[in-house]
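Have the sequence and the 3D view handy as you read.

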Amino acid sequence: MTRVFPQLNSGALTQFPLRIEESVRTIVNETADGIRVRYADVGAATMTWEISSAALSDAEWWAIESLFNECEGRRRSFLFLDPWSNLLAESESFTASSWTRGPGIGLSEGVTSPTNQLRATQATNTAAGLQSLSQSVPVPAWFQYTFSVYARSSEPTPLRLIVSTDGAAAERLFSLSSDWQRLSLFSSMSSANTSIDVTLQLPAGATVDLFGAQLEPQPAPSPYQRTTVRTGRYPEARFATDTLNQVTTRPSEHSTVFRIVSRIPT
């Protein structure tokens, strides 16, 4: 089973303060006549999270410590979900290959978004029955998630949001108006699967404007983060040290500070 950094009992992955640092490297080649050629060393880019956790319960501390011991400190990698990122790819490009659309769904990009830019997409269901847009995300199904999207329609139209995995699902039906709304769905599924699907389901004949789909490993939506192919999944994350400090302030209450580091997937 894939090693995964655990969620806290609250559904959050980390507490504040949280420090995130992105490091990049530039290679400089100087020729004999003094000309310098620079290019980005993409494979050397890294992310570092400095995590401060306080008032951890015995179970929360045990989950972090167990992962640390299983990884033997820095030796082995695990999946870390960045708490300040979007887990969906191509969050505004519903025509991209990351998204799977039903045969009756027509898509038209270049629609005015909630930010007054031409970044939204119009989705039209030309079929006689329900049709959907969906994306499969390789993340642990047993986590708590919030799936959100901005949507509107010129006519009163239902739009269903679904988060599902084999044998479990959460869904919610919304009624759209001509104003942009940010719709959100919370899911907490008891499943050992290592992937989930997020789905936007349109009724027959519906025309809906969509913008800014987001999936987060927490129980409520945070400010929207635009993505392309890079998401908040870091499957090669590691602890940055071989020691994990624990401070017990009272029975069943622990605190710790540690760092996680990962190369940035390309």
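Which residue in β16 is the bridge partner of F80? The model here is a predicted one, and in it F80 is bridged to Y234. That contact belongs to a pairing of two strands: β5, covering residues 78–81, and β16, covering residues 233–239, run antiparallel and are joined by 3 bridges.

Stay with β16 for a moment. Strand β18 (residues 253–263) also pairs with β16, again in the antiparallel sense, over 2 bridges. Here you can look for F239, which stands opposite I260 in β18.

Now for the largest pocket, which holds about 360 Å³ of space. Its lining is made up of 16 residues, and V4, P6, A63, W142 and F143 are the ones that lie nearest the centre. Helix α1, residues 58–71, gives the most to this lining, with 5 residues. Sorted by class, the lining has 9 nonpolar residues, 5 polar ones and 2 charged ones.

Most residues other than glycine have a negative phi, and most peptide bonds are trans. Against that background, look at A55 in strand β4 (residues 46–56): A55 is not a glycine, yet its phi is positive, about 55°. A55 counts as exposed because its relative accessibility is 52%, and the cut-off for exposed is over 50%.

E72 sits in the loop between α1 and β5, and its phi is also positive, near 55°. With 40% relative accessibility, E72 counts as partly exposed.

Finally, find P17 in the segment before β1. The peptide bond joining F16 and P17 is cis, with an omega of about 5°.

Note on methods. Residues numbered from 1 in each chain as written. Predicted model: local features only at pLDDT ≥ 70, side-chain atom pairs only at ≥ 80, totals over all residues. Heavy atoms only, no water. 1 Å grid on protein atoms, 1.4 Å probe; cavity = no way out; pocket = protein on both sides within 12 Å on 5 of 7 lines; lining within 4 Å. Points joined across faces, edges and corners; volume = space filled by probe spheres on them. Helix = DSSP H or I, 4+ residues; strand = E, 2+ residues; numbered from the N terminus. Nonpolar A, V, L, I, M, F, W, Y, C, P; charged D, E, K, R; others polar. Pairing = 2+ DSSP bridges. Buried < 20%, exposed > 50% of the residue type's maximum accessible area, 1.4 Å probe, protein only.
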